[in-house]
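Please read it alongside the sequence and the model.

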Amino acid sequence: MKTREITKVVKGSRQIDGAGVHLVRVFGYRDTKNFDPFLMLDAFDSTNPEDYIKGFPWHPHRGIETVTYLISGRIDHEDSLGNKGTITAGGCQWMTAGSGILHQEMPIASNRMLGAQLWVNLPAKDKMTEPKYRDITADMVPILKDENGEIKVISGVYKGTQGAMQADFVQVLYLDVMVYPGKTMVIPAKSNENVFTYIIDGNGTTGEKLSPIQSHSAVLFDKGEQLIFNAEGEGLRLFLLSGESLNEPIAWGGPVVMNTLEELNFAFEELENGTFIKHKTNL
């Protein structure tokens with residue numbers, strides 16, 4: 001069984017987005033070919049509410065899914081379909097923007113805001129699907145534990161355990177993994193899927209080559225049937241994401257990701273003339 005090894009490590013850059021939210025853009029526009037079907041990962045970790053309290057007021061999306069997962073903190077959100085909710089510790093908001101949606105995400109001051117937002121590309125045939133909004137609460141997420149650590153299965157299926165969410169389009173395996181100090185965890189992987197991890201906290205090594213991995217970095221792997229993680233110090237916590245690459249052209253403009261420049265320009269024309277939203281809005 002082939003063990004996956006590191007092909008790329010990305011540290012990202014500190015940026016300010018929304019109305020003034022400080023975050024780390026781990027990867028994005030320039031990395032789409034490497035991380036396909038994943039478009040972007042924004043990580044946030046702050047004990048200062050001034051870093052995030054201004055939030056992300058009303059803004060549009062089309063052609064993607066956004067996945068916001070919190071380890072700690074709280075974010076209130078609502079959308080143009082009339083949905084409202086709150087993401088709390090261990091919870092997740094999975095939004096299929098599809099043909100077009102407006103939403104806002106407003107973090108609430110807390111002791112620590114820790115989590116990430118992932119953008120998943122939609123296949124060309126599903127870009128204009130009807131928007132959908134799903135909330136996952138912490139109690140919905142199954143947790144698998146053994147002597148080496150614990151794994152929360154946010155989406156997909158892991159070792160026969162169904163996650164809290166099963167995606168409709170790109171089948172994403174999303175795991176929140178904790179490897180206990182001094183322990184080793186072996187995680188099976190589908191050989192045809194693209195796999196990366198984001199190291200949230202701690203240090204360790206990965207693969208048979210014992211390549212070092214450090215916190216606040218994204219690690220992209222080559223093909224293979226399993227991953228190996230060894231935790232050092234106080235342990236290792238990471239997000240593991242796996243999905244099959246779409247291998248489709250990408251035309252990306254801000255909150256809209258389509259396949260052609262013509263589709264992208266048309267989306268922004270519709271934003272200007274008020275025809276962007278294709279489905280009922282309760283705003």
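Ten aromatic pairs are present in this structure, which is a predicted model.

**Aromatic pairs**
- The rings of tryptophan 119 and tryptophan 252 have centres 5.7 Å apart and planes at 35°, so this pair counts as tilted.
- Because tryptophan 119 belongs to strand 11 and tryptophan 252 to strand 23 (residues 251–253), the pair ties together parts that are 133 residues apart in sequence, and both tryptophan 119 and tryptophan 252 are buried.
- Tyrosine 174 and phenylalanine 239 pair edge-to-face, at 5.7 Å centre to centre and with 80° between the planes; tyrosine 174 lies in strand 17 (residues 173–179) and phenylalanine 239 in strand 22, 65 residues apart.
- Tyrosine 174 is buried at 1% relative accessibility, and phenylalanine 239 is buried with a relative accessible area of 2%.
- One aromatic cluster is formed by Phe27, Phe35, Phe38 and Phe196.

**Nonpolar cores**
- The largest nonpolar core has 33 residues, and those with the most contacts inside it are Phe27, Phe38, Phe196 and Phe239.
- The largest share of this core, four residues, is supplied by strand 11.
- Apart from this core lies another, of 21 residues, among them Val195, Val219, Phe221 and Leu227.

**Arginine 237**
- Arginine 237, located in strand 22, is buried with a relative accessible area of 17%.
- The side chain of arginine 237 makes a polar contact of 2.7 Å with the side chain of aspartate 176.
- Beyond residues up to four places away in sequence, arginine 237 touches several others, including Ile71, Lys152, Tyr198 and Asp201.

Conventions
Residues are numbered from 1 along each chain as its sequence is written. This is a predicted model: local features need pLDDT of at least 70, side-chain atom pairs count only at pLDDT 80 or more; totals for chains, interfaces and linings use all residues. Side-chain values use heavy atoms; hydrogens and water are left out. A nonpolar core is a set of buried Ala, Val, Leu, Ile, Met, Phe, Trp, Tyr and Cys residues joined through side-chain atoms within 4.5 Å. Buried means under 20% relative accessible area, exposed over 50%, partly exposed in between (1.4 Å probe, protein chains only). Helices (H or I, at least four residues) and strands (E, at least two) are DSSP runs, numbered from the N terminus. A polar contact is a pair of N or O atoms within 3.5 Å; within protein, one must be able to donate a hydrogen and the other to accept it, and residues adjacent in sequence count only if both atoms are side-chain atoms. Contact means heavy atoms within 4.5 Å. Rings of Phe, Tyr and Trp (its six-membered ring) pair if their centres lie within 6.5 Å; planes under 30 degrees apart count as stacked, over 60 as edge-to-face and the rest as tilted.
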